[in-house]
2 protein chains.
Amino acid sequence: MATINDVARLAGVGLGTASRVISGKGSVSAKTAERVRRAIEELKYRPSHAARTLPTGASHMIGVYIPMLKGSFYTPILNIIHTELRANGQNMVVAFGSGNGDARKQAMEGLEFLIERGCDGYLLVSDALTEDDIAALGTQASRLVLLNHSLNSIHNQCFSADHHAGGRLAAQALLEMKHRRIAVIAGFATSRDNVARIEGFMAELGNAGIDTSSIPVIDSDFSPEGGWNSAAALIASKHKFTALFCANDEMGVGALSYFQQAGIAVPGKISVIGYDDTATAEYSAPRLTSVHIPWYDVALNGVRWLLNQCYETNKPVKRKFAASVTWRASVARVANGK
Amino acid sequence: MATINDVARLAGVGLGTASRVISGKGSVSAKTAERVRRAIEELKYRPSHAARTLPTGASHMIGVYIPMLKGSFYTPILNIIHTELRANGQNMVVAFGSGNGDARKQAMEGLEFLIERGCDGYLLVSDALTEDDIAALGTQASRLVLLNHSLNSIHNQCFSADHHAGGRLAAQALLEMKHRRIAVIAGFATSRDNVARIEGFMAELGNAGIDTSSIPVIDSDFSPEGGWNSAAALIASKHKFTALFCANDEMGVGALSYFQQAGIAVPGKISVIGYDDTATAEYSAPRLTSVHIPWYDVALNGVRWLLNQCYETNKPVKRKFAASVTWRASVARVANGK
DNA sequence: GGCGAAATTGGTAACGTTTCCAAAAATTCT
DNA sequence: AGAATTTTTGGAAACGTTACCAATTTCGCC
């Protein structure tokens, strides 16, 4: 691999001059610059990012961690971050969890990977980290944003949606369609986000005078498989219900698939409402009504805040994100007398 | 950020000794090592990857490029690569395209990003690169693997499936179920992979005595939206058909969603067969019959071959990957008299 | 207790860049 | 033409690490 020294030698100029042409900083006469450029071309020279980052300390990279590569939730967020970063002349480096096993440990390992690479800032999409974990990071922690998770000690570095409100919205949608007998497929009980939306959902049903203790709730794993299996379990149980709330769209789609193969009409017999309003909801059969969380906005504003911290810019940043219901075809008014 | 010098000073040892403890190479007495370890802990020292990579030249990273973050095709492949790399003590760095615009240019830019970071090897998932592009890489090209794309000049570095055979399999499945009036939703006409599977499909129909020139083919974009729109366009056209071949599962799912909302029974009125057999096919409604491409194996063997090149190991590598049909619920025997 | 061998240790020279400073060359002005 | 100014240039020092070599310490043995 050719180095800047090779380039300088071939072009017959000094090291400093070559560096100036390559980095574009400082003045070089037009014809010297041209000679250097020809040498670069000739040698197929590419600056070494490692060598470059060493004297300056600036890597022009933002490190992002996501818990897994499966499912349709994390990658669109990654996509938003990537696009915004590139639009601002910065790069993205990603660390991944495996999606199973100890989520907190994986997040810390991923973060370590990113720190070793000397990123200018860090963006973590994980709800597994604790306040202590962040404290243990020391000074590193100042250029860090948490997406989809809120921690009191660094609340201004956290960007997320109000899931309690999101849960209430789901309940309101079902109540509006006169449903009173309702079942729930929840996500991981360890996920605060999940708990918040279930609590909001139950609170609203409670307000409507429904005995929430009798509502069947199955904890699942946010996957379509989980949704399928849970829907099957619900049907197999003696519970009767006319509507089902799924804590994310993937489980909703899994449930839809189960109902279709079991010959249970949606929304004829059972209405299904999902959560997140990801792309999956748009093209399921039937198309899935879902609580829309403006993840695009959440991620975008998180990135922008971080960009402000790292590169001393001053982009406007929003911190409140309102959920809403995206009506599609999977929720209908309850059939008479059911 | 603490450096190895800070650690050495605090532990009261020389630079070399600290380095030996950290890297684990060379011998250090037990109690000195312990003092160094305490200093590391105390200072929250993390070795700088950039500084580390410079004297040795080994980055312990494999660079991977994928054309986009959308859809359910690329990320599972990324997941396989990641898992296998970690299992071998190596890391993954990923560059992403945007999914629209000039795919070839984006792939070259992504590769450049990876090369600048001095990866030990490169894994490109892109069918946009030409032989010339590879040639322009010079010596870099030797530690490179192409996934999902074949180039004659470096055929031993390419890992892909036989899509012509895959296309034939899709046709056989439909013929077996007595379908004779068939429509096709294809992917990008510029994708060789796509063209191969359509050609294989048509060839097989031709063998069965079907006039392939009369088969309606709509070129789309591999997305569910594309599938939905194309299905709608097909229904709106005067063509009558009992079966539909979609060049990937995402378009298949989009088509399924359209048929459901249009009140067209699948597989009652129209059978649909997808391609790739990704996770999407498993949980659509109805579950999508699809041509299974063993992408898991393709990717795994590509990684292993690359690992052999980069780290002088000798893992067994397979190069032939057989497609098959995964029967689910979206294809049925053609209704009598249709 | 002293000798030789082995283990441990400290420090210098890389690695490929950027950033500076001083020197040289080009340009402007009188 | 020469002085003053500006532009351009070359090279040393630094960034944080590893690899090597030489020096020192430790250990085993007679």
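Visitor: What makes strand S1 (residues 61-66) of chain B a partner of S2(B)?

Guide: In this predicted model, S1(B) and S2(B) run parallel and are joined by 6 bridges. Pairing requires at least two bridges, therefore the two strands count as paired. One such bridge links Ile62(B) to Met92(B) in S2(B).

Visitor: Which strands make up the sheet in chain B, and in what order?

Guide: The open sheet has 5 strands in the order S2-S1-S3-S4-S5, with parallel pairing. Strands of a sheet may pair in parallel or antiparallel fashion, in either case through backbone hydrogen bonds.

Visitor: Why are strand S2 (91-96) and strand S5 (158-159) of chain B called edge strands?

Guide: They carry that name because each pairs on one side only.

Visitor: What is the span of helix H9 (residues 192-207) of chain A, and what span is expected?

Guide: H9(A) has 16 residues and extends 22 Å from its first C-alpha to its last. The expected span is 1.5 Å times one less than the number of residues, and the value for H9(A) is close to the 22 Å expected. After H9(A) comes Gly209(A), with a positive phi near 85 degrees.

Visitor: Which residues of H9(A) are buried, and against what do they pack?

Guide: Buried residues have under 20% relative accessible area; in H9(A) they include Ala196(A), Ile198(A), Phe201(A), Met202(A) and Leu205(A), and also Asp193(A), Arg197(A) and Glu204(A). The buried residues of H9(A) pack against helix H8 (163-176) and strands S6 (182-186), S7 (217-219), S8 (243-246) and S9 (271-276) of chain A.

Visitor: How many residues surround DNA strand C, and which are the closest?

Guide: There are 28 residues around DNA strand C, the closest being Ile4(A), Ser19(A), Gly14(B), Arg20(B) and Thr32(B). Of the atoms of DNA strand C that come within 4 Å of the protein, 64% belong to sugar and phosphate. The nearby surface divides into 12 nonpolar, 12 polar and 4 charged residues, and H4(A) supplies the largest share, 5 residues.

Visitor: What makes the approach of Arg20(B) to DNA strand C a polar contact?

Guide: A polar side-chain atom of Arg20(B) lies 3.0 Å from a base nitrogen of DNA strand C. The limit for a pair of N or O atoms is 3.5 Å, so the pair qualifies. Arg52(A) likewise places a polar side-chain atom 3.0 Å from a phosphate oxygen of DNA strand C. For Ser29(B), a backbone N or O atom lies 3.0 Å from a phosphate oxygen of DNA strand C.

Notes. Residues are numbered from 1 along each chain as its sequence is written. Chains are lettered from A and ligands numbered from 1 in the order in which they are written. This is a predicted model: local features need pLDDT of at least 70, side-chain atom pairs count only at pLDDT 80 or more; totals for chains, interfaces and linings use all residues. Side-chain values use heavy atoms; hydrogens and water are left out. A residue is near a molecule or strand if one of its heavy atoms lies within 4 Å of it. A polar contact is a pair of N or O atoms within 3.5 Å; within protein, one must be able to donate a hydrogen and the other to accept it, and residues adjacent in sequence count only if both atoms are side-chain atoms. Helices (H or I, at least four residues) and strands (E, at least two) are DSSP runs, numbered from the N terminus. Ala, Val, Leu, Ile, Met, Phe, Trp, Tyr, Cys and Pro count as nonpolar, Asp, Glu, Lys and Arg as charged, and the others, Gly among them, as polar. Buried means under 20% relative accessible area, exposed over 50%, partly exposed in between (1.4 Å probe, protein chains only). Contact means heavy atoms within 4.5 Å.
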